[in-house]
Amino acid sequence: GAPHWDAYARGNISGITRSTDRAHIVRATLESIAYQTRDLVAAMESDAGAPIRELRVDGGAAVNDFLMQFQADILDRRIVRPVDVETTALGAAYLAGLATGFWKDLEEVENFWRADRSFDPQMPQSTRQRLLEGWQQAIARCRK
């Protein structure tokens, strides 16, 4: 998937040992979401020629505090979770309300958004760099 777009890539889980258990697999799955999001953000910043200073998140995964903190750490950016994480359906309702004149303009709709919690980066740069290098190695293994 994005941003790598390699139809021949295959999934893998690396680093498994005899002591690997279910919790390790769950954590690896959550971390992979953050790593891939980081790859997408890097591609968007490259295309836009401008940095993304803050990432506002939504959806079911956004309720996971571990994932949100790891995302902030890997991106080295603030992550902001809204009070209502199911904003996809809410967005459709806002668009319908704007189209029918229920709300006068986009500014009125924007005022409904409220932050629930922010996650600020806490990971040392050296740790972030080491983890990202490991991620890049894993991506390379999937693409061979």
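Predicted model: local features only at pLDDT ≥ 70, side-chain atom pairs only at ≥ 80, totals over all residues.

Me: What makes Y94 and W103 an aromatic pair, and why is the pair called edge-to-face?

Reply: The ring centres of Y94 and W103 are 5.3 Å apart, and rings pair if their centres lie within 6.5 Å. The planes of Y94 and W103 stand at 80°; an angle over 60 degrees counts as edge-to-face, so the pair receives that name. Y94 and W103 are both buried.

Me: Which residues do ring pairs link into a cluster?

Reply: The cluster consists of Y35, F66, F70 and W135, linked by ring pairs.

Me: How do you know that R56 lies over the face of W113?

Reply: R56 is placed at 3.9 Å from the ring centre of W113, and the distance criterion asks for CZ of Arg within 6 Å of the ring centre. The criterion also requires a position within 35 degrees of the ring normal. R56 is listed as lying over the face of W113.

Me: Why is α2 called roughly perpendicular to α5?

Reply: The axes of helix α2 (residues 65–75) and helix α5 (residues 125–142) cross at roughly 95°. Angles of 65 to 115 degrees count as roughly perpendicular, and therefore α2 is roughly perpendicular to α5. The two axes come within 9 Å.

Me: Which residues make the contact, and how many of them are nonpolar, polar or charged?

Reply: Helix α2 contributes F70, D73 and I74, while α5 contributes R128, L131 and L132. By class, the contact has four nonpolar residues, two charged ones and no polar ones.

Me: Why does A138 count as buried?

Reply: A138 has a relative accessibility of 12%, and buried means under 20%; A138 therefore counts as buried. The residue belongs to helix α5.

Me: What is the pattern of secondary structure along the protein chain?

Reply: The protein chain has five helices and three strands, and read along the sequence they follow α-β-α-β-α-α-β-α. Of its 144 residues, 26% are buried. The C-alpha trace spans about 60 × 30 × 30 Å along its principal axes.

Conventions:
Residues numbered from 1 in each chain as written. Heavy atoms only, no water. Axes fitted to C-alpha atoms, helices over the stretch in contact; angles between N-to-C directions. Helix = DSSP H or I, 4+ residues; strand = E, 2+ residues; numbered from the N terminus. Parallel < 35°, antiparallel > 145°, perpendicular 65-115°, else oblique. Contact = heavy atoms within 4.5 Å. Nonpolar A, V, L, I, M, F, W, Y, C, P; charged D, E, K, R; others polar. Phe/Tyr/Trp six-rings, centres within 6.5 Å; stacked < 30°, edge-to-face > 60°. Buried < 20%, exposed > 50% of the residue type's maximum accessible area, 1.4 Å probe, protein only.
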